[in-house]
Amino acid sequence: MVSDPILRAEDVWVRVTPRGATEPVAVVRGASFSIPRGSQTCVVGESGSGKTILMRSILGISSARSGVTGGQAWFQPGGASQARAVLGPSGRRRRRPLARLRKGWAGYVFQHPQEALDPFRTVGAQVLDSVRVARGGESREAQQAKMLEWLDAVRLPDPRGVARLHPHELSGGMAQRAAIATALGTEPEFLVADEPTTGLDWSVRREIVELLGALCRERGMTLVLISHDFQVVERMAERVIVMYRGELLEDGPRKRFFPGPGRHPYTAELQTRVRDLEEGRAGTGQGAIVAPERTEGCRFVHRCPQVVHACKTGMPPDVVVNNGHRVRCHVVHRKDA
Ligand SMILES: Nc1ncnc2c1ncn2[C@@H]1O[C@H](COP(=O)(O)OP(=O)(O)OP(=O)(O)O)[C@@H](O)[C@H]1O
Ligand code: SF4
Ligand SMILES: [Mg+2]
């Protein structure tokens, strides 16, 4: 149980209709989790596991071909007594999605800054749009000063000069900093950063992630960081959520994952695989291993080194094995018993 969550989701299902198909397929299956207020949570899992679509669906910014078909989620700005439903009882979205984001409770940093920045407008104009959402009643001069303050806060050199530039005139790292400034300009309480360092140099990656962590801590913002990078997870996550093929397999405080007795076998595999990639012992990318679809039993059974009979017949229950640590695995539950 997470005390004082800022976001709570219960049994969320998301289905998408792939291009050319008529029937939707489930890409998020019964996700339940809580995000503690002011915390830094990392969501990990190989490519296609549903990390992006889960968070985007809850924030209401997923594509037209996908939809939440079940579950509930609440944003709790001032505790449970002020819970606001962001999904309806049947999973319907409650308010116009982008309007909700722009109203300031949530911000989203996209994988590629191009998704967030308009190529035809200056960086300053775009950050100013965000500032106006939070500070509509202030004078133009005050808004302008705040815009420059945000460009400075994300450590862009010469904020006045950068404000006059268009996104294509920035390096990748600078563009991502500008995109972070547009996300933070609305002064959200809750920020999702979705692989914000993809395509950047190693040195810049670390700077961007550390910048995000520092900004959130300074401002008391809650951060959900979607990442493949276990070094990042190890350094900054307080909680970790592990997803595999649309399901949450593990969720708990970071200290339960490193070194991690009682980890889910998939989490252990992910960590080993990432370490092998870093040390040049493996040639495959994230998500390169494909397992056939299963309708019964554990979805990880094709790759798991610890399979027991129950794994093939029954879906493992989602059980708390330790204080605030949930694992969905028959074997981990037995060891813990
Ligand atoms: N708009 C869409 N139309 C069709 N399928 C989609 C759409 N968005 C996501 N999907 C599918 O949903 C599944 C989950 O995708 P998602 O992008 O959430 O994965 P992810 O864990 O974020 O992966 P990555 O690490 O590569 O970003 C994938 O199988 C993907 O192909
Ligand atoms: S339930 Fe069984 S197959 Fe699934 S991860 Fe646990 S041990 Fe492996
Ligand atoms: Mg993604």
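**View 1. An open sheet built from 4 strands, ordered S2-S1-S4-S5 with antiparallel pairing.** Strands here are DSSP E runs of at least two residues and helices are H or I runs of at least four, numbered from the N terminus; two strands pair if DSSP finds at least two bridges between them. S2 (25–36) and S5 (84–87) sit at the edges with a single partner strand each, so one side of each has no neighbour in the sheet. From one strand to the next, the twist averages 10°. This is a predicted model: local features need pLDDT of at least 70, side-chain atom pairs count only at pLDDT 80 or more, and totals for chains, interfaces and linings use all residues. Residues are numbered from 1 along each chain as its sequence is written, with chains lettered from A and ligands numbered from 1 in the order written.

**View 2. Strand S1 (residues 5–16) against S4 (residues 66–75).** The two run antiparallel and are joined by 8 bridges. Arg15 has Gly67 in S4 as its bridge partner. Helix H1 (residues 51–59) packs on the sheet and touches S1, S2, S4 and S5, where contact means C-beta atoms, placed from the backbone, within 7 Å. The direction of H1 makes about 110° with that of S1; axes are lines fitted to C-alpha atoms, for helices over the stretch in contact, and angles run from 0 to 180 degrees between N-to-C directions.

Note on methods:
Two residues are in contact if their C-beta atoms, placed from the backbone, lie within 7 Å.
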